[in-house]
Every structure is written in structure tokens, then in C-alpha cells.
Amino acid sequence: MEAIDALKQKVLSLAIQGKLVPQDPNDEPASVLLKKIKAEKAELVKHGKIKKDKQESYIFRGGDNKYYEKVGDIVRDITEEIPFEIPESWTWCRLSELGKLNGGKTPKQSDISDRGVIPYYKVSDMNQVGNELYMNIANSYLINPSNYPIFPRNSIIFPKNGGAVFTNKKRILLNDALVDLNTGVFTPYEAIFFNYIFMVFKLIDFREMYKGTALPTINSETLKKILISVPPLSEQKRIVSEIESIFKRIDEVKSNQEELARLKDGLKNKILDLAIQGKLVEQDPNDEPASVLLEKIKAEKAELVKQGKIKKDKQESYIFKGDDNRHYEKIGSETKDITEEIPFEIPESWEWCRLGNVINYGETKAVTYLECDKNQWILDLEDIEKDTSRILCKNRIKDKPFKSTKKTFIKGDVLYSKLRPYLNKVVVADEDGVCTSEILPFRIYYGIVPEYLQCCLKSHYFYEYVNQLTYGVKMPRLGTEDGKRGLIPLPPIQEQCRIIRTFSKMLEFTNQL
């Protein structure tokens, strides 16, 4: 959704340049508005509510068409500071001329409760979902507000200290409230439309004006000196109304895009489900049945055992359908009914099998950095995009040396992430390489198409199976024995190829949506 956010920023940018709505010659010019603000400030000083500003700024355009700023008795040319041209009825001023900049105060624990008089907001409260504009839902309230600075409604708040500075959040207080010491507050003077100032604030990137590294803090003096383009008050209101209207339409597009993304993901999952249930392509009676394929796999494994390349599988499984239409599994001399484990029906030419019986389950050679060809591909989990399994970047060992041992894989291996399998990262290797031990290279036995196995492992059925069995709270993993026992629906070889061709075409179509 970065494009949506960029579009909103573009709308705001046009607004503060006077390019979003037309000017009205009947509007009272912004210069008059600034005089009203100056009178308001003088009244506040008179009543002791604010201190007199000794650095009060006045910006004007000279007869030479240059911009000048007067502070006290000093006048200086600031033409180079002016970022863009504005309409004649507008004017420039410093942010400090439009309102008061303050910081909050964190109250004593004894002075707050879940019920009280005045809302109390913390920086973390700005994370309220679905509330990009106003702060109006408080979790804490002040019991005794007399000891704390209470900021009036329509004040703009933002993170002032700490890592939250980099989130660049801003909100408007909907009620008089207290905020914590990590929150900055800008209270616009009454003569100016607070919502226009908030729109300007949305364009200010606080990440460019902080000081300190251990505790990043927004530099208040830098913020006060920011140049603000000020339209006539009537135009401010027209601008805000137009922005709200445009943003509403943009949000509708965003919502539609999010809905489309959900529909697209749902469509992909449905296609995967159809693929592994034998419903994506028609069966061909001329295909060699999957039962023959399993016999060939069994013969291949026996030969590899004879050559000492793999160990004999003492838990080799044979799954079949009995005359009573129930599914049974034979391991050694023991046969048991597994009908309740079977997730769905498959065509007659297909067979059910355990994953561990048709692949060499991650049992590949472990290598050190010194043993590797430095031009080889090295794959880490963060290199794989979640859900799509797209390779985000291909690193070479020479550019990414490592200390712990890595697993080797070859072209055609199916690479499965056993760490956080809910991220659904499953890749078919298109070249040889090494990977983290958190990725299992599945080396396939005779007659299983790697891309078909990838479909099985990414399907909703297998995803649900795996995520019921993971262990570990913070970093869940799939155990080896549980992984090996996963049930795989196996079609004839020829049908596997037809499934992948059809699936690829349909996937391309959904991506084009």
C-alpha cells in the first residue's frame, strides 16, 4: 500500500502550495489572519497565559520580489529558504507564530485510573487501529488534573522522544487531555483552522529533525522554525474539505485493493486445493497409476540402501483402501485403520502416502564455510517472501561468509522452512547451493515432480496439518517425525505434469488481476 500513502502525500503537497482548490478573490487575505493571531497572542500575554515572544517573526516580500524576515530589529533575506511559490493571498510564517509547542508530563500512578475526569494518553495509544486522525479512546484518566498541564482539544500530538519518533505518527486531541512526557503537543491559536495545521503536520518528517542516538528526541527549536504556507482562513476550510473528500475516495480504493488481495489469496488457495484433490485437470485412463509409481520409488530406495547411500526405513508405510471402503496403513507386520486421518477423497488412479516415504527428508550433507564453493548460492529464511515463496535476493557464499554448518541442496530439491512454517515458505531450487539448518532440503525419489510437491506443501490442507503440530511459542518449529507423517495425495506422473501446467497458467492469471 506504499503507492496509496504516496498518493496521499502528493495531495497534501499540492494543498500547501495552493494548487488543490482555486483561490477566491473575496477571501480575506492571510496577512489579515496573521494580524488576528498577533492580537490573540497579545491578549494571552496580557492575561499571563503565555510569555511574550522576544523572537517574534514577520515574513514579507520586498519590492525586489525577494522574501525577508524581520525578528526584532534585524531583517534578513530568506529567499533561499522558501521552498516553493504560493498564491498572492497567502503568506509565509514560522510554525511558532501559529501556535504553542509544549511537551507532556507523565503522572504518578496514584493519580490515574480507568475512570476519571481528564483522558490521559501515552505514545503507545497512538497505535489505535483505524484511528488515523483523532485521539478519542483513552485507557487511563486523571483523578486529580490540577497538578498537570492539560492541553485543549484540537491540539496536535506526536511522539517526541524514543524510537517512536521514527514512526512519524500524528493525532488530534478530540478532548482536553494530558499526554505523557514522551509526547509533543502543538496547540494552534484559535484564529487559525486547526485541521489545516494538522494537514501541514502530516507532511513534516520528524525523522529528519531529531537529535541524540541513545534516546532520539525531536529538536523543538528546529520544529518551531519550520516555514508554513498560510492560506486565507476560508481557503483553509475549503482545502481541508477537499482533502477529506479525496482521502475518502483513496481509502475506498485502498479498501478495494485489500479486498482484492484477500480474494486473490483465496483464489490461489482454492486452486491449490483443487490441484491436490484431483479436481484441477481430468484424469487420463492411459496414465500409469500412482501405485506403480510407489513401487518404483520403493525399488529406488532399496537400491540406495544396497549402495549404502541411505539407511533402511524401518517405518516404511503402505496405505491402501480395503474392501470396506476404509483406508488402512501397513507398517511392518502391523496394519491399522487410518480412515479418520484421510482429509479428502482422491481419484482411483491416485494414492495416499506419507511424506517421509517419498522423499529423503532433509538428510543432506552438512558443510562448513571452508568446504564450500564460494560462488555457490547461500539461502536464508529472510531471502524467501512469505506466502508467495518468491526469492527476494540470491546471495553468494563469497559475499556472505558463515560460521555454523549449512545444509547442501541440489537443483530440483524442494526447500521447506521448518521454522515458523505458518509463513508458508516452500521453494523449488533452480540451482545447487547451501541453506540454513532451519530449511529442510527435500530430495525427491523417482517420479515426483518437484513443483507438484511444492503445491502439496503450500496447500491449505498441509498448512493446517503442520501448524497444529509445531512446538515452541516464540519460534515455532515442525518436528521431524511429525513432518514425515504428513499425508501426501500422489497422482500419476503424467497427471502431476498436467496439474503444474494448468496451475501455473491459472496462477499467472490471478497475478494479472
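Is D337 buried, partly exposed or exposed? At 36% relative accessibility, D337 counts as partly exposed, where buried means under 20% relative accessible area, exposed over 50%, and partly exposed in between (1.4 Å probe, protein chains only). The model is predicted: local features need pLDDT of at least 70, side-chain atom pairs count only at pLDDT 80 or more, and totals for chains, interfaces and linings use all residues. Residues are numbered from 1 along each chain as its sequence is written, and side-chain values use heavy atoms, with hydrogens and water left out.

The chain has 11 helices and 30 strands; helices (H or I, at least four residues) and strands (E, at least two) are DSSP runs, numbered from the N terminus. Its radius of gyration is 33 Å, well over the 24 Å that the globule rule gives for 513 residues, so the chain is more spread out than a compact globule. That radius is taken over C-alpha atoms, and the rule is 2.2 Å times the number of residues to the power 0.38. The C-alpha trace spans about 100 × 55 × 55 Å along its principal axes. Of the 513 residues, 46% count as buried.

Strand β2 (residues 67-71) is joined to β3 by four bridges, and E69 has R76 in β3 as its bridge partner. E69 and R76 also belong to a network of salt bridges with E81 and R94.

A salt bridge is a side-chain nitrogen of Lys or Arg within 4 Å of a carboxyl oxygen of Asp or Glu, and the structure holds 34 of them. D337 meets R326 in one, at 2.7 Å from N to O. R326 sits in the loop between β17 (317-321) and β18 (327-331), and D337 in strand β19 (residues 334-337), 11 residues apart. R326 is partly exposed, at 32% relative accessibility. Another salt bridge joins E363 and K484 (3.6 Å, N to O). E363 lies in the loop between β21 (359-361) and β22 (366-367) and K484 in helix α10 (residues 480-484), so this pair ties together parts that are 121 residues apart in sequence.

Helix α3 (residues 194-203) has eight of its 10 residues buried, so α3 is largely enclosed by the rest of the structure. The buried residues include F194, Y196 and F198.

Technical notes: Pairing = 2+ DSSP bridges.
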